[in-house]
Amino acid sequence: MRNLILSESQNGNKYVYDINQKLLRNIDDVSYHIVRLAQENQIQLGQINTLFLKTNNIVISDNELERIKSSFSKLYTNSRTDALKTEITGDIIKYYLSNFPQIVFEVTEKCNLDCKYCTYGDFYNGHDSRTNHNLNIESAKRFLKYIYDFCNSSYSTSSKNIINIGFYGGEPLIRFDFIKSITLYAKELEQENVTFQFSMTTNATLLNKHIDFLVQNNFKLLISIDGDSNNHSYRVYKNGESSFDDVYNNTLFVKNHYPDFFSNNVKLNSVLHNRNSVFEINEFGKMNFGKNPMIAEISTDGLREDRKTELLSLFKNKNEDLKQSEDYFRLFHKENLSEVPDYKEAMYFIYNLSNLIYFNYSQLFLNQNKAVKPTGTCLPFARKIFITATGKILPCENVPHKFAFGSVSKDDININFGKLAQTYNMYLSKIKGICSNCYRVANCSQCMYYLNINDEHINCYGFMNKKEFSKYLCGIITYLENNPKIFWKIINETSLS
Ligand code: SF4
Ligand code: SF4
């Protein structure tokens with residue numbers, strides 16, 4: 001009965017989950033113990049009789065046992081049937097490039113700050129060493145035109161396509177000339193069927209100088225601020241001075257001078273660490289800017305072994321921090337629900353591990369299972385196309401540079417779609433063996449580019465055996481039992497697309 005997982009919530013309610021049918025069922029104590037006994041003794045339910053149960057201190061009648069067996073007959077197969085799919089083609093990758101692509105330009109490697117926990121800093125490896133490169137404007141224009149042509153090709157299935165252009169650094173506003181030039185070039189290309197939207201992640205230290213242009217071009221801004229002066233004290237200039245006053249004053253300037261823009265286009269992002277808390281970050285955002293910030297943990301991917309301990313001493317777990325106060329946990333639920341880790345877990349469980357939500361009509365009417373592929377790695381370019389300051393093409397800013405999908409220069413663009421698909425398939429089929437034994441596979445968020453994917457034996461610390469999956473289920477079920485309104489919110493706010 002590999003497909004059946006038993007779990008008990010912290011409220012003492014018992015459940016069985018069928019991983020094949022993605023079905024969670026509340027069961028009585030006796031049924032729970034009978035399935036547990038069958039699993040522990042590695043026998044089929046059909047082999048269990050009342051005598052065997054009696055020797056295990058369960059006394060029930062033959063009729064009752066038959067009723068229990070028949071209630072499980074539909075759930076009960078001896079294996080898991082979730083076949084993993086690993087095949088993509090060059091054309092599928094071109095399709096993603098051609099439909100609502102999101103291009104992010106790493107405008108420059110330079111930054112005027114020296115934030116302690118920066119993923120490009122001393123604690124991490126995986127990225128090329130940073131030597132203050134700037135992305136060439138002509139290379140970026142060439143790449144933009146390349147994507148624009150894809151959006152006008154037969155690979156595009158939309159009559160109204162939007163290309164999202166993001167500017168990223170270092171600190172992108174150090175090279176305002178680049179941002180201005182690319183924005184104006186995109187505007188020149190714009191036609192009725194292909195339009196552009198602009199966004200930027202910024203440390204806000206130079207925001208006051210360039211805000212007019214950003215407002216005129218309807219930029220979406222993500223401003224990094226970790227809370228009040230003390231909370232923000234890891235975000236320092238190169239000379240060690242805090243950036244707080246500049247960041248705070250510039251953000252306030254935008255709020256006061258462009259209130260509609262600030263309200264609609266600006267989000268705050270805060271990193272959680274040992275000098276702030278979820279509570280302090282949220283109160284600061286609310287009181288000063290009328291916004292609930294997005295809250296990220298310090299990244300633990302790609303850490304240097306010899307600096308791990310030091311970096312981890314700054315780390316704070318968001319869920320644990322949030323649960324320090326019951327009152328605050330409840331308040332936070334009301335105000336900033338999308339930032340509650342338990343809520344996100346429950347949402348992904350309902351999306352990916354239940355049959356309560358269908359994402360298209362084939363799933364609903366033809367009972368087609370959502371395709372499951374090993375790992376949580378996104379398909380090449382399905383989420384993002386990241387161009388480094390040196391012209392490497394990557395699936396996002398987090399992926400180690402050695403996995404570059406191609407390159408761009410002012411004279412040439414080099415992406416071999418067939419080879420890219422082949423490499424992607426090769427990696428996935430390599431990891432398929434371990435993923436097909438992992439119980440979280442349909443709800444995995446692990447990116448394969450962070451695993452030792454080139455080694456003969458791949459290790460994944462996120463792997464879940466049956467027992468670990470049962471514990472994971474317990475957390476989600478307990479949360480949903482304690483927050484029934486959240487369950488209905490997730491169900492009611494998801495519609496067929
Ligand atoms: S880290 Fe991996 S899964 Fe996440 S966005 Fe990047 S490529 Fe996709
Ligand atoms: S957690 Fe690891 S082993 Fe499990 S499905 Fe994801 S990538 Fe595979």
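Author: Start with Lys-145, which counts as partly exposed because its relative accessibility is 32%. That value falls between the limits of 20% for buried and 50% for exposed. The model is a predicted one, and Lys-145 sits in helix H5.

Lys-145 has a partner, Asp-149, and the two form a salt bridge in which the closest N and O atoms are 2.9 Å apart. Asp-149 is also partly exposed, since its relative accessibility is 37%. Asp-149 and Lys-145 are four residues apart in H5, so about one helical turn separates them.

Now take the helix as a whole. H5 has 15 residues, and at 1.5 Å a residue these should span 21 Å; the C-alpha atoms at its ends are 21 Å apart, so the two values agree. Its buried residues are Ile-137, Ser-139, Ala-140, Lys-141, Phe-143, Leu-144, Ile-147, Tyr-148, Phe-150 and Cys-151. At the start of H5, a side-chain oxygen of Asn-136 comes to within 2.8 Å of the backbone nitrogen of Glu-138.

The loop between strand E4 (102–106) and H5 holds Asn-112. Is Asn-112 buried or exposed? Asn-112 counts as buried because its relative accessibility is 18%, and the limit is 20%. Leaving out residues up to four places away in sequence, Asn-112 touches Glu-171, Ile-174, Asn-203, Thr-205, Leu-206, Tyr-237 and Lys-238.

Ala-204 is buried, as its relative accessible area is 0%. Its phi is positive, about 70 degrees, although Ala-204 is not a glycine. Most residues other than glycine have a negative phi, and most peptide bonds are trans. Asn-218, in the loop between H7 and strand E7 (220–224), likewise has a positive phi, near 55 degrees. Asn-218 is partly exposed, because its relative accessible area is 48%. As for the peptide bond, the one joining Gly-169 and Gly-170 is cis, with omega about 25 degrees. Gly-170 belongs to the loop between strand E5 (161–168) and helix H6 (176–189).

H1 has twelve residues, which at 1.5 Å a residue should span 16 Å, and its end C-alpha atoms are 16 Å apart, so expectation and model agree. Ser-31, Tyr-32, Ile-34, Val-35, Leu-37 and Ala-38 are its buried residues. Among the elements that cover them are strands E1 (4–8), E2 (14–18) and E3 (23–27) and helices H2 (50–55) and H3 (62–72). At the start of H1, a side-chain oxygen of Asp-28 reaches to within 3.1 Å of the backbone nitrogen of Val-30. After the helix comes Gln-42, with a positive phi near 50 degrees.

Back to salt bridges, of which the count is 20. One of them links Glu-397 to Lys-384, with the closest N and O atoms 3.0 Å apart. Glu-397 lies in the loop between strands E11 (392–394) and E12 (406–408), and Lys-384 in the loop between helix H15 (361–365) and strand E10 (385–387), so this pair ties together parts that are 13 residues apart in sequence. Both Glu-397 and Lys-384 are buried.

A further salt bridge joins the side chains of Lys-489 and Glu-493, at 3.0 Å from N to O. Here Lys-489 is partly exposed, because its relative accessibility is 28%, while Glu-493 is exposed, because its relative accessible area is 56%. Salt bridges with shared partners also join Glu-8, Lys-14 and Asp-29 into one network.

Last, the ligand. Around ligand 1 are Gly-376, Thr-377, Cys-378, Arg-383, Pro-395, Cys-396, Val-399 and Cys-447. Five residues of this shell are nonpolar, two are polar and one is charged.

Technical notes: Residues are numbered from 1 along each chain as its sequence is written. Chains are lettered from A and ligands numbered from 1 in the order in which they are written. This is a predicted model: local features need pLDDT of at least 70, side-chain atom pairs count only at pLDDT 80 or more; totals for chains, interfaces and linings use all residues. Side-chain values use heavy atoms; hydrogens and water are left out. A residue is near a molecule or strand if one of its heavy atoms lies within 4 Å of it. Ala, Val, Leu, Ile, Met, Phe, Trp, Tyr, Cys and Pro count as nonpolar, Asp, Glu, Lys and Arg as charged, and the others, Gly among them, as polar. Helices (H or I, at least four residues) and strands (E, at least two) are DSSP runs, numbered from the N terminus. Buried means under 20% relative accessible area, exposed over 50%, partly exposed in between (1.4 Å probe, protein chains only). Contact means heavy atoms within 4.5 Å. The expected span of a helix is 1.5 Å times one less than its number of residues. A polar contact is a pair of N or O atoms within 3.5 Å; within protein, one must be able to donate a hydrogen and the other to accept it, and residues adjacent in sequence count only if both atoms are side-chain atoms. A salt bridge is a side-chain nitrogen of Lys or Arg within 4 Å of a carboxyl oxygen of Asp or Glu.
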